[in-house]
Amino acid sequence: MRCGVGDYTAGLAQALSDSGKAQVAVLIGGREGAGQNGIDLIRIGGWSPRFAFSALRAVSRARPDIVHMQFPTQGYRSRWLPWVLPILLRLVGIRAVQTWHEFMPMGLRSLPLLLAPGTVVVVRPNYLESLASWCRRLLAGRRVVFVATAPSIPRSRLTGVERARLHADLAAGQHRVVSYFGFAYPHKGIEALFEVADPGRDRLVLMCELRESDPYHRMILDKCEDPRWKGKVSVAGFQPAARIADALCASDAVVLPFAHGGGDWNTSLQAVVSQGVFLVTTSSSEKGYDAERNVHYCPPGDLACMRAALQERIGHRVAPAGDGRDEWARIADAHLRLYGELLPRA
């Protein structure tokens, strides 16, 4: 399933399992999903309220020390059960932790999460300060822990020669490669790429799934057929993580024009930074060029800023710092410390 929080959950589950300090199982609502190394899948019939008993019975049989739920995800399919499950779990005596990947409230369904007891992990800095006052009042007395996210894809291992060869393949006759990767939703602002890049020199590579039946996707596909861009856009679709990493690494620049601004909580942003390629993105808090990370931040919707930044530094690369695997180990350690604090001592 194409879901950023789902990717995060997979990364966290694998890192916890690889630590050797936790036995991990993932609760699955439905038949989708394949197992990962060392991780069990616990399947229930679905996420509608009629499966509440099945979910509680399945979790009780597994006898977990902690149930940790992530919100929001595509996998829940707009069903109500996940949003009330933390309360139900506590009623049957099972410790539940939640991670919130977006600011509260996340729609009407999210209100039970504010009322459920237990610790909350957040991936965005200054989380409480960014909430409405009524949300902060409901969270009074709740423990809120910040744990930064990690890249959603691994770092590319291409050599210089391999990168040059892939760049030529991606460019397909154009001089420069400007890429986007991620999910294709209106708040991602993908249409901005057609105004920011230069059709005279650039090849746009869109690593996202675009379907004719989706109105937003249709609008993007129509822009691909615009006379200025016709024949100069490659829609790569959904790709394996390693292939995305290589394509990002071989690009001259990546543009992530989030309509409402992004930040370090965006695993896609971190994935680009981990490749060392130049990134143009938007932010409501950051501004200008970050030389260490090779990122230029523009205000959301500021096409002129994004266009100028792209033309100024396209092709610039830096040596990426750290390794994505190290980041996931850090996240796993932070969660293991939290779990240890919540569990009774032996």
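Helices (H or I, at least four residues) and strands (E, at least two) are DSSP runs, numbered from the N terminus. The model is predicted, and local features were taken only at pLDDT of at least 70 and side-chain atom pairs only at pLDDT 80 or more, whereas totals for chains, interfaces and linings use all residues. Residues are numbered from 1 along each chain as its sequence is written, and side-chain values use heavy atoms, with hydrogens and water left out.

A search of the whole structure gave 10 salt bridges, a salt bridge being a side-chain nitrogen of Lys or Arg within 4 Å of a carboxyl oxygen of Asp or Glu. One of them joins arginine 218 and aspartate 222, with the closest N and O atoms 2.6 Å apart. Both residues lie in helix H8 (residues 215–224), and because they are four residues apart there, about one helical turn separates them. Salt bridges with shared partners connect Glu212, Arg218 and Asp222 in one network. The relative accessible area is 43% for aspartate 222 and 25% for arginine 218; each residue is partly exposed, that is, between buried (under 20% relative accessible area) and exposed (over 50%), with a 1.4 Å probe and protein chains only.

A salt bridge also links arginine 143 to glutamate 341, at 2.5 Å from N to O. This pair connects distant parts of the chain, 198 residues apart: arginine 143 is in the loop between helix H5 (133–138) and strand E6 (144–146), and glutamate 341 is in helix H12 (residues 324–342). Arginine 143 is partly exposed, at 37%.

In the salt bridge between aspartate 198 and arginine 201, the closest N and O atoms are 3.0 Å apart. Aspartate 198 is partly exposed at 23% relative accessibility, as is arginine 201 at 36%.
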